[in-house]
Amino acid sequence: TDDELHARIRAAKDKLGSRLVILGHFYQRDEVIQYADFVGDSFQLANAALTKPDSDTIVFCGVHFMAETADILARPEQHVILPNLAAGCSMADMADEDSVEACWEDLMAVYGEEPDADGKQPVIPVTYMNSSAALKAFCGRHGGIVCTSSNAATVLEWAFERGQRVLFFPDQHLGRNTAKAMGIPLEQMPMWSPRKELGGNTVEELNDAKVILWHGFCSVHKRFSVAQIEKARAEFPGVKVIVHPESPMPVVDAADAAGSTDAIRKYVIASEPGDVIAIGTEVNMVNRLAAEFPDRTIFCLDPVVCPCSTMYRIHPGYLAWTLDGLVAGELRNEIVVPDDIATDAKVALERMLAALP
Ligand code: 13P
Ligand code: SF4
């Protein structure tokens, strides 16, 4: 039963004490979040992995790329566990190493590999945190960097100090929204793809590019629409609308604000009792905010429930099973990034950390 499951989790947590740290992303369901020692956005969770010195094991209640990042940043002897190995991210899966390598070759053929007179590289690769460790390693090897939704603009500025243009993957929307806010015209943000049907551009069309976008997207955030925002404004005059920057550009433009999951949370904290706030992000997080601030009206822009189906795969049953394993001295569902990949990926992650104010 559920009661037994929760009793097992509590008992294991008690037994393991400070040897265990549980990290939880904001999108996790409440039954899991209640056990997290630290809850945050993907950047804060990476930092938590980096700075938690005294545990042997990090159990990561989030998705695969987050657990990989934790493994890269944690101490070498620290283990990272993902309670359900099927908890991936469909956006991260939209960029695989072979396709990015092929794109890179095409870009090098167009722009050459030599820096210009100012020493700027032809292209700087920038990967969103929502990507495999192999792609972070690719960025590490090619003078590139990682960003999260909380620091994408700072990271793009870093890239433009070192390069003439940027290849941004996997999320076209975060790339487009961030570059647009920096004043880059849409004509200078072509989408790379050898396949026209994916919306790709020809090599000639890449010539004036400042930001070359990959075709990835988040299946949760692409559901948000301008019509939903208009409806919320009609129903609740004065409503404040905030969306995650993985939402399509017209949605971000129509909203009052856009930001990472932590920025959305801070926006709600800074609001006033009585405020009405419509949020464009994953529904578990929105419902938790609504419960936490009952004196405000807080709702998800999408009336059809939109959980992230892969985040949702971290069921308390898997958490209990992995914790039981730890108590028995067994590492279940450990995430281990091979050393050569981890070394290069760490370079790109450390560039991000160093670029931040
Ligand atoms: P945050 O970095 O804002 O937590 O976003 C991660 C994510 O997967 C959003 O869909
Ligand atoms: Fe990936 Fe979207 Fe889920 Fe975030 S919400 S983990 S980007 S599928």
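A residue counts as buried if 20 or more other C-beta atoms lie within 10 Å of its own, with C-beta atoms placed from the backbone. That cut-off is used throughout what follows. The model is predicted.

Start with the whole chain. The protein holds 14 helices and 12 strands. Its C-alpha atoms fill a box of roughly 65 × 55 × 40 Å along the principal axes. The radius of gyration is 21 Å, and a compact globule of 357 residues would come near 21 Å, so the two agree. Buried residues account for 47% of the 357. Among contacts between residues at least 6 apart in sequence, 65% join residues at least 24 apart.

Now go to strand β5, residues 124-128. This strand is mostly covered, with 5 of its 5 residues buried. In a regular strand, side chains alternate between the two faces of the sheet. Which residues of β5 sit on each side? I124, V126 and Y128 are on one side, and P125 and T127 are on the other. Both faces are covered, and all of these residues are buried.

Next come the partners of β5. Strand β7, residues 166-169, runs parallel to β5 and is joined to it by 4 bridges. Here P125 has L167 of β7 as its bridge partner. Strand β6, residues 145-147, also runs parallel to β5, with 3 bridges between them. The path from β5 to β6 includes a helix. Together β5, helix α6 (residues 133-141) and β6 make a right-handed β-α-β unit.

Why does L167 count as buried? L167 has 25 C-beta neighbours inside 10 Å, and the cut-off is 20 or more. Leaving out residues up to four places away in sequence, L167 touches C103, L107, V123, P125, V126 and I212. Two of these, P125 and V126, also belong to the buried set of β5. L167 and L213 are 46 residues apart in sequence, yet their C-alpha atoms are 6.2 Å apart in space.

Finally, turn to ligand 2. How many residues are around ligand 2? There are 13, and C89, M91, C218, V220 and C308 come nearest. The shell around ligand 2 divides into 7 nonpolar, 4 polar and 2 charged residues.

Note on methods: Residues numbered from 1 in each chain as written. Chains lettered and ligands numbered in written order. Predicted model: local features only at pLDDT ≥ 70, side-chain atom pairs only at ≥ 80, totals over all residues. Buried ≥ 20, exposed ≤ 12 C-beta atoms within 10 Å, placed from the backbone. Helix = DSSP H or I, 4+ residues; strand = E, 2+ residues; numbered from the N terminus. Pairing = 2+ DSSP bridges. Right-handed = clockwise from strand over helix to strand, strands pointing away. Near = placed C-beta within 6 Å. Nonpolar A, V, L, I, M, F, W, Y, C, P; charged D, E, K, R; others polar. Rg over C-alpha atoms; globule rule 2.2 N^0.38 Å. Contact = placed C-beta atoms within 7 Å.
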